[in-house]
Amino acid sequence: MNFEKLNRDDVRKDYKLIKTRLNEISISKHVIEKINIEINNIKLILKNIVTIKIHGSFATIGLYKIDSDPKIDLLGIVHLKQSMFDVYENEIDSYEHFDDCFICDYNKIVYEKLFEMYKNNDEIEVEWQNQTISGNLFQDNIIISVKIDGKIYKIIYRSCLSSKKIYKLICVRNVYRRSFTLEYVRNYKILDKLLLKKLSFLFYEIYLIAKNNGYNKMKLLYMKLAILSKLQWFIQQNNIYMRTWTSSLFKMFFTKNEVVESLFTTNDFYNKNAKLITKIYRNVKFKKFNWVYHGMFPDLKNFVIEFTKYAEEHSSLRNVGVENNERSIYFIYDINAYIINQSKSKNILVHNWEKKIEDSGLKVTKKYIYPDNTDIGTFMLFAIYYHMELI
Ligand SMILES: [Zn+2]
């Protein structure tokens, strides 16, 4: 894609600054390696029981040298049939807990395995912890304390249930809750890459603000979530760069008006198997919007000023109890593009697809993006959002 409108020197200068800064604040490569070795050992010993995924700070370059109590979060995923998953999900509203709860059972099995594995190791300690989350919510954690260069790094393990749905289910002793933590990591990684690590840089600033003001962990997390959600939403709102981007795609793939029109003559809409269309759709996925993000946030300093201010304002809304929409966090699950011809004929495929999303409880927004030359077609972008629940 064409980058000529960007000032390459500025981008390079910012990127160099970001890399230097991240090197200064991040825990050393040697420590990261040691932690990864231990995570791999844990994965190996539990491989027939659960699938291990990393979430939290360690997964999002958010573990810093100045942390006095560094933690690494692991999820042990138990895959369930959809019908069984639904049984557990239905209990969220009832506040019931099964006596033979899978999650609690798996925690016990995993604890025994890990305890056995490390019992003769003087450097590593395994313990069971009941942690208070908030009010009367408790969570069972398994903590693997690893000593590296005289400092204790705590690897925290929890079990969760998984199905085809985008969230997992966790057990907060006697109550079930949805967990979006892996989706958070996925969205973070995509955005950080699109923004050439500007997000990692910004999150350290946010971390310092929280530390200096004595904000709790929940408020810090909320500030970060608000930023991610807002960054995604900008794609929906932005016309200038999205329009240039889609116009370039149109020009690249459709050299003549007739090409678009001919797509509709055979099938009213489009033939999904056609190679050309597949290529275009692959370029309209969220992770392909590098150029759009570079254009929208060319300057590191302004980016940090704008979003630290936004995070502070948005998180104080949460404190004063502003309800519903204003403090809700929405995330993009996926973006789908459809090409429409001049007459904007709507197709049955879209209706079916909308229905499916509605059944899953996801929210869909539509956006029309017109290329420079409106004589050819139009892109219609469907962004699928989900509401992120916070415990
Ligand atoms: Zn349980």
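Does I142 count as buried or exposed, and how many C-beta neighbours lie inside 10 Å? I142 counts as buried, because 24 C-beta neighbours are found inside 10 Å. A residue is called buried if 20 or more other C-beta atoms lie within 10 Å of its own, exposed if 12 or fewer, and partly exposed in between, with C-beta atoms placed from the backbone. The model is predicted: local features need pLDDT of at least 70, side-chain atom pairs count only at pLDDT 80 or more, and totals for chains, interfaces and linings use all residues. Residues are numbered from 1 along each chain as its sequence is written.

The chain has 14 helices and 10 strands. Both kinds of element are DSSP runs, numbered from the N terminus: helices are H or I with at least four residues, and strands are E with at least two. The chain holds 391 residues, and 26% of them count as buried. Two residues are in contact if their C-beta atoms, placed from the backbone, lie within 7 Å. Among contacts in the chain with a separation of 6 or more, 71% join residues 24 or more positions apart.

I142 sits in strand β4. Neighbours within four places in sequence aside, I142 contacts N107, V110, Y111, L114, V126, W128 and Y157. The loop between β4 (137-148) and β5 (151-162) contains D149. D149 counts as exposed, because it has 9 C-beta neighbours inside 10 Å. Most residues other than glycine have a negative phi. D149 has a positive phi, near 50 degrees, and is not a glycine.

L196 also belongs to a loop, the one between α6 (181-194) and α7. Phi of L196 is positive, about 50 degrees, although the residue is not a glycine. L196 is buried, since 20 other C-beta atoms lie within 10 Å.

Helix α7 covers residues 198-213. The expected span of a helix is 1.5 Å times one less than its number of residues. The 16 residues of α7 should therefore span 22 Å, and the distance of 23 Å between its end C-alpha atoms agrees. Buried residues of α7 include K198, L199, S200, F201 and L202. F203, Y204, I206, Y207 and A210 of α7 are buried too. Just after α7 comes G214, with a positive phi of about 70 degrees.

Two packed helices are described by the angle between their axes and the distance between the axes. Axes are lines fitted to C-alpha atoms, for helices over the stretch in contact, and angles run from 0 to 180 degrees between N-to-C directions. Angles under 35 degrees count as roughly parallel, over 145 as roughly antiparallel, 65 to 115 as roughly perpendicular and the rest as oblique. A crossing is left-handed if the near helix is turned anticlockwise from the far one by less than a right angle, and right-handed if clockwise.

Helix α8 (residues 217-237) packs against α7 at an angle of about 150 degrees, and the axes are 10 Å apart. The two helices are therefore roughly antiparallel. Their crossing is right-handed. F203, I206, Y207 and A210 of α7 meet K219, L220, M223 and K224 of α8. These contact residues divide into six nonpolar, no polar and two charged. Ala, Val, Leu, Ile, Met, Phe, Trp, Tyr, Cys and Pro count as nonpolar, Asp, Glu, Lys and Arg as charged, and the others, Gly among them, as polar.

Helix α1 (residues 8-25) packs with α7 at about 50 degrees, with axes 10 Å apart. The pair is therefore oblique. The crossing of α1 and α7 is left-handed. On the α1 side, the contact uses I18, R21, L22 and I25; on the α7 side, it uses K198, S200, F201 and Y204. By class, five of the contact residues are nonpolar, one is polar and two are charged.

V292 lies in helix α12 (residues 290-296). V292 is buried, because 21 other C-beta atoms lie within 10 Å. Apart from residues up to four places away in sequence, V292 touches I235, N238, Y241, M242 and W245. V292 and L194 are 98 residues apart along the chain, yet their C-alpha atoms are separated by 8.9 Å. R243, in helix α9 (residues 240-253), is 49 residues from V292 along the chain, with a C-alpha separation of 9.3 Å. R243 is partly exposed, since 16 other C-beta atoms lie within 10 Å.
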